Amino acid sequence: MNTAQRIVKNASILIFSGMGSQLLAFVGVVYLAHVLGPESFGRLNFALALTAHFMLLTNLGLTRLGTQEIAKTPQLIGQYTGNIVAMRLCLASIGLLVLVFLMILIDKPLEVKYLIVLFGAGLIPGAVLLDWSFQGGERMEYIALSRILTVGLYTVCLLLAVKSPDQLLRVPCFQFGAGLLAAAVLLILFSRTFPKLRLHFDFSQWKDLLRRALPLGIASILVQLIYYVDTIILGFMRSDVEIGYYNAAYKIVIVCIATGGNFFESMFPLMARYYNTAKEQFIQIQTLNVRLMFCVSIPIVVGGSILAKTIILTLYGPGYQGSIEVFYLLIWIPAIVYINTVYAWGLWAMDMHVLYLKIVAIQLVINIIFNVVLIPYCGILGAAVATILSEVIGLPLYYVSFNRKVHLKFSVAYNIVKPLLSSGVMAIFLYFTIRNFTVNAFVLVFLGCAVYTLTMLGMNGVTREELKSFRNMLAVR
């Protein structure tokens, strides 16, 4: 298999396994929203948002650094994996103890405290999950297996065994079990594919790994905070019902954001290599990424705004009417994030981790300030506005920082006009269909995508020359 075929294979596996696992996870989210109701669903998401940051504390950028190092020196996979797993187990144990202490301190119902500790137990299997190691070894099929296995088992357990709010505590237990099984399967596959895993306590290497990984680790925690700090602040300022409404709409947005993340995750090794070995190809692929993200983000905003009510009521039912208004605002977030991500991952590829960290820190501070100011007066709408503002402020910062190092030629007419016109055609079609027919939200989304795609093709929105250029870049050895 040549370089181009391997890249396409690995990218396809990561993208489609990511999309498949997100779809399965979203099925579980929608189901839980129905059976738990807004109040219990809000409690669940508050506990999840709180423990999600401790998951990142067991990582601190170590897995991303490990992936890069294994890709460079695959013969050292046993040494890197043994040291990083040992470090993450120590961090996970500390994180779990902190969560237990935090559970004692916070003024929340006992059920919420149990949820926090049970979700926190997932830190341990998460610390020994070896998907990052397989990514460095370019065995993406094992990563796909772990994703589908974890989310599939978890979702099936939810569908079979969670039938009412009284069974809320089963949710973190199922998540723990699914994570434990996935970690065990990858450990077995690792031992059959690479040298047998042994924990290493090489403290000199621990110090070096932490020093190099920390900027990425801190940045990852801050990014997570940007997406979840609104839920945490809502948890201390507003009711569980409002948190339920907010997260019902936000979960749809997170699926959109994660899909874009899967795309860039699969493209990152190529971007990093081109920046160091073929600068012109790096510029070309980033220019194409900018175009692609505008082609995706504009119809998401337009279509999501038109279909907001239909989507919420179809997915969650009339009990979540309170989610509709906030969805009109939240749908802007993935569109802005997609554009920011082009330049953010570009900074990563150029090893400008500290600069990226500074921008993320600014976004987080803005997010927290506006959440604290707006939530008491505007509730969940204020939380949505705060997150949008943090992403809007990040856009010029990422753009300027990236273009100081590598300049991308950007044409408004070329990158925006055709997607905007095609989205307008799609909007007219959707508006006419909703006004005159009773159509399921899933059918409307499919039809909207089809109309947009056909219009873009008809307007020559993506040329054959661009596709040929992209194919040629993949073929560079």
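Asn-247 belongs to helix H10, which spans residues 240-277. In this predicted model, Asn-247 has a relative accessible area of 3% and is therefore buried, the cut-off for that class being under 20%. Leaving aside neighbours within four places in sequence, Asn-247 is in contact with Phe-41, Asn-45 and Thr-231.

**Overall composition**

The chain contains 18 helices and 0 strands. It has 477 residues, of which 53% count as buried. Among contacts between residues at least 6 apart in sequence, 85% join residues at least 24 apart.

**Nonpolar cores**

The largest nonpolar core comprises 111 residues, and the members that touch the most others are Leu-32, Tyr-246, Phe-282, Tyr-316 and Leu-330. Apart from this core lies another, of 24 residues, which includes Ile-70, Ala-183, Leu-189 and Trp-206. As for Phe-282, its partners, not counting residues up to four places away in sequence, are Met-271, Tyr-274, Tyr-275, Gly-346, Ala-349, Met-350, Phe-402 and Val-406.

**Packing of helix H3**

Two helix pairs involving H3 are described here. On the H3 side the contact is made by Leu-96, Leu-99, Val-100, Met-103 and Ile-104, and on the H4 side by Lys-113, Ile-116, Val-117 and Gly-120. By class, the residues of this contact are 7 nonpolar, 1 polar and 1 charged.

The second pair joins H3 to helix H9 (residues 203-237), the axes coming within 10 Å and crossing at roughly 80 degrees. Since the range from 65 to 115 degrees counts as roughly perpendicular, H3 and H9 are described in that way. From H3, the residues Gln-79, Tyr-80, Asn-83, Ile-84, Ala-86, Met-87 and Cys-90 meet Gln-205, Trp-206, Leu-209 and Leu-210 of H9. This contact has 8 nonpolar and 3 polar residues, and no charged ones.

| Helix pair | Axis separation | Angle |
|---|---|---|
| H3 and H9 | within 10 Å | roughly 80 degrees |

**Helix H7**

Helix H7 covers residues 140-161, 22 residues in total, and reaches 32 Å from its first C-alpha to its last, close to the expected 32 Å. Its buried residues are Met-140, Tyr-142, Ile-143, Ala-144, Ser-146, Arg-147, Val-151, Gly-152, Tyr-154, Thr-155, Leu-158 and Ala-161. An α-helix has 3.6 residues a turn, so residues three or four places apart point the same way.

Val-342 lies in helix H13 (residues 332-349). Its relative accessibility is 1%, so Val-342 counts as buried. Gln-286 is 56 residues away along the chain, yet the C-alpha atoms of Val-342 and Gln-286 are separated by 7.0 Å. Beyond neighbours within four places in sequence, the contacts of Val-342 are Phe-264, Gln-286, Asn-289, Val-290 and Met-293.

Leu-180 is placed in helix H8 (residues 170-193). Is Leu-180 buried or partly exposed? With a relative accessibility of 44%, Leu-180 counts as partly exposed, because that class lies between the 20% and 50% cut-offs. Leu-180 and Gly-126 are 54 residues apart in sequence, and their C-alpha atoms are 7.8 Å apart in space.

Note on methods
Residues numbered from 1 in each chain as written. Predicted model: local features only at pLDDT ≥ 70, side-chain atom pairs only at ≥ 80, totals over all residues. Heavy atoms only, no water. Core = buried A, V, L, I, M, F, W, Y, C linked by side-chain atoms within 4.5 Å. Buried < 20%, exposed > 50% of the residue type's maximum accessible area, 1.4 Å probe, protein only. Contact = heavy atoms within 4.5 Å. Helix = DSSP H or I, 4+ residues; strand = E, 2+ residues; numbered from the N terminus. Nonpolar A, V, L, I, M, F, W, Y, C, P; charged D, E, K, R; others polar. Expected span 1.5 Å × (residues − 1). Axes fitted to C-alpha atoms, helices over the stretch in contact; angles between N-to-C directions. Parallel < 35°, antiparallel > 145°, perpendicular 65-115°, else oblique.
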